Amino acid sequence: MLIVQKFHSIHEIDPEFIPSLELLLQEDVPSFKNLVEKHDLAPEGDVFTYFLFFGPTQNTPIGFAQLCIHPLKGENLVSWQQKVFKFWKKDHLHWKSLTWKVGDGNSGLFVFDPRFSKSGKDKIQELIKEYESRPEIKSQELFLIKGLQDFQTSWSTDNKQVKDRYVLEPLTKSSKSYQEYLNALHPDVSEHVKQGWKELHQKSKVELGDYVSAKETPQTIPIDEKVLKQWDKLGVQILTFEKDLKVLGCLTVQKGKNGNIFFEPYPFEAQGEVTVNDELYTQYALLKFFEMPEARKCHMLKFGTKLVFEEKEDLKFFQEQGFQFKTISHQNFSRLPVSAKPL
């Protein structure tokens with residue numbers, strides 16, 4: 001029997017629970033601070049509930065889930081006939097929509113300690129059923145890891161939309177060095193990467209920079225001072241591509257729990273005038289990753305979240321470099337034919 005504790009603000013969560021939550025979410029976010037930032041930047045009107053799950057003998061969380069309740073807005077919520085003949089009824093002004101997901105949804109609906117996955121899934125199903133029964137809830141959105149988080153809804157599936165999205169999974173360290181990693185790739189891919197590095201150094205004369213904090217980066221880096229201060233607050237390291245005192249691009253490096261390392265590229269070059277291609281940003285991340293003795297898994301991010309692809313074919317670029325992927329089923333259900341969100 002699992003015990004559920006609800007919090008309506010991420011700032012209400014007891015600080016003593018945060019280390020355990022970071023362990024549960026170690027492959028999803030670099031730090032709990034990242035979830036706090038997303039909460040604080042959410043659109044006005046969004047109301048959150050954070051669910052912490054506890055086992056019968058545990059006083060630390062063994063599971064985590066997140067719900068956001070949005071106000072349903074728009075002239076298309078009711079038909080013009082209803083507006084004319086039932087103008088005194090204002091129920092639609094209080095209609096709500098639900099979104100069930102952890103973070104940006106790329107981790108699915110919930111995260112549980114594997115020992116509690118079955119009981120956790122059953123408890124989540126109960127919560128979904130409870131919220132579905134509320135009369136003001138007219139639509140809901142769920143992000144599910146395909147094959148692992150399949151759920152049943154009590155609503156009619158007539159107004160249902162489903163679309164798969166492909167989320168880049170981390171590269172697990174299985175080689176002792178970057179050179180060994182390169183040699184383990186397909187010979188054509190390995191040679192292509194090596195040639196890219198050679199051209200970058202010998203032909204383009206680009207140098208690599210490695211800074212332990214955002215405060216130490218060159219003054220010419222085209223990043224707003226507020227962002228640099230935020231990176232410094234998060235303990236971010238910076239990798240750069242530099243030429244003639246100009247920073248062509250950079251990667252942020254965040255150390256998560258248990259050897260999970262998160263990299264995010266920031267190219268600064270104009271399109272059509274690129275000296276450093278996308279592949280080299282990934283390879284610089286991997287070069288740094290293999291230099292870090294504590295590193296176990298290399299995560300690539302974009303806009304602070306895992307990379308998501310609409311087409312499986314678009315993953316090929318990363319698969320050739322050793323990365324894996326998982327499929328997230330993005331589902332929308334509605335009680336109102338006109339209010340189902342387009343995917």
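# A guided tour of the pockets, cavities and strands

The largest cavity has a volume of about 150 Å³. Here a cavity is a set of points on a 1 Å grid over the protein atoms alone where a 1.4 Å probe fits but cannot get out, whereas a pocket is an open set with protein on both sides within 12 Å along at least five of seven lines; lining residues have an atom within 4 Å of a point. Grid points are joined across faces, edges and corners, and a volume is the space filled by probe spheres set on the points. The model is predicted: local features need pLDDT of at least 70 and side-chain atom pairs count only at pLDDT 80 or more, while totals for chains, interfaces and linings use all residues. Residues are numbered from 1 along each chain as its sequence is written, and side-chain values use heavy atoms, with hydrogens and water left out.

**The whole protein**

Begin with the entire model in view. Its C-alpha atoms fill a box of roughly 75 × 55 × 40 Å, taken along the principal axes. The secondary structure comprises nine helices and 16 strands; helices (H or I, at least four residues) and strands (E, at least two) are DSSP runs, numbered from the N terminus. Of the 343 residues, 50% count as buried, where buried means under 20% relative accessible area, exposed over 50%, and partly exposed in between (1.4 Å probe, protein chains only). Contact means heavy atoms within 4.5 Å; of the contacts with a separation of 6 or more, 71% are between residues 24 or more positions apart.

**The cavities**

There are three cavities of 30 Å³ or more. For the largest cavity, select Asp-28, Val-29, Asp-104, Ser-107 and Thr-305, which are the closest to its centre among the 17 residues that line it. Helix H2 (32-40) and strand E14 (305-306) each give two or more residues to this lining, and H2 gives the most, with three. By type, the lining of the largest cavity divides into six nonpolar, seven polar and four charged residues. Ala, Val, Leu, Ile, Met, Phe, Trp, Tyr, Cys and Pro count as nonpolar, Asp, Glu, Lys and Arg as charged, and the others, Gly among them, as polar.

Next, select Ile-128, Leu-142 and Phe-333, which are among the residues that line the second largest cavity. Its volume is about 40 Å³. Which element gives the largest share of this lining? Strand E6 (137-145) does so, with three residues.

**The largest pocket**

Move to Phe-110, Val-111, Phe-112, Pro-114 and Ile-145, which lie nearest the centre of the largest pocket, lined by 19 residues. Helix H1 (18-24), strand E5 (110-112) and helix H4 (117-132) are the elements that give two or more residues to this lining. E5 gives the most, with three residues. The pocket holds about 560 Å³ of space, and its lining divides into eight nonpolar, four polar and seven charged residues.

**The second largest pocket**

Now select Pro-265, Pro-267, Asp-278, Lys-302 and Leu-307; these lie nearest the centre of the second largest pocket, which is lined by 15 residues. Strand E12 (260-267), helix H8 (278-291), strand E13 (297-302) and helix H9 (316-319) each give two or more residues to the lining. E12 supplies the largest share, four residues. About 440 Å³ of space lies in this pocket, and its lining residues divide into 11 nonpolar, one polar and three charged.

**The strands around E12**

Strands pair if DSSP finds at least two bridges between them. Pro-267 of E12 is the bridge partner of Gly-249. The hairpin of E11 and E12 has four residues between the strands, and there Asn-258 takes a positive phi near 50°.

In which sense do E12 and E13 pair, parallel or antiparallel? They pair in the parallel sense, over four bridges, and Met-300 in E13 is the bridge partner of Phe-263. From E12 the chain crosses through H8 to E13 in a right-handed β-α-β crossover; right-handed means that, with the strands pointing away from the viewer, the path from the first strand over the helix to the second runs clockwise.

**A last stop at Ser-175**

Finally, select Ser-175, in the loop between strand E8 (171-172) and helix H5 (178-184). Is Ser-175 buried or exposed? Ser-175 is buried, because its relative accessible area is 11%. Leaving aside neighbours within four places in sequence, Ser-175 is in contact with Glu-180, Tyr-181 and Phe-290. The C-alpha atoms of Ser-175 and Phe-290 are separated by 8.2 Å, although the two residues are 115 apart along the chain.
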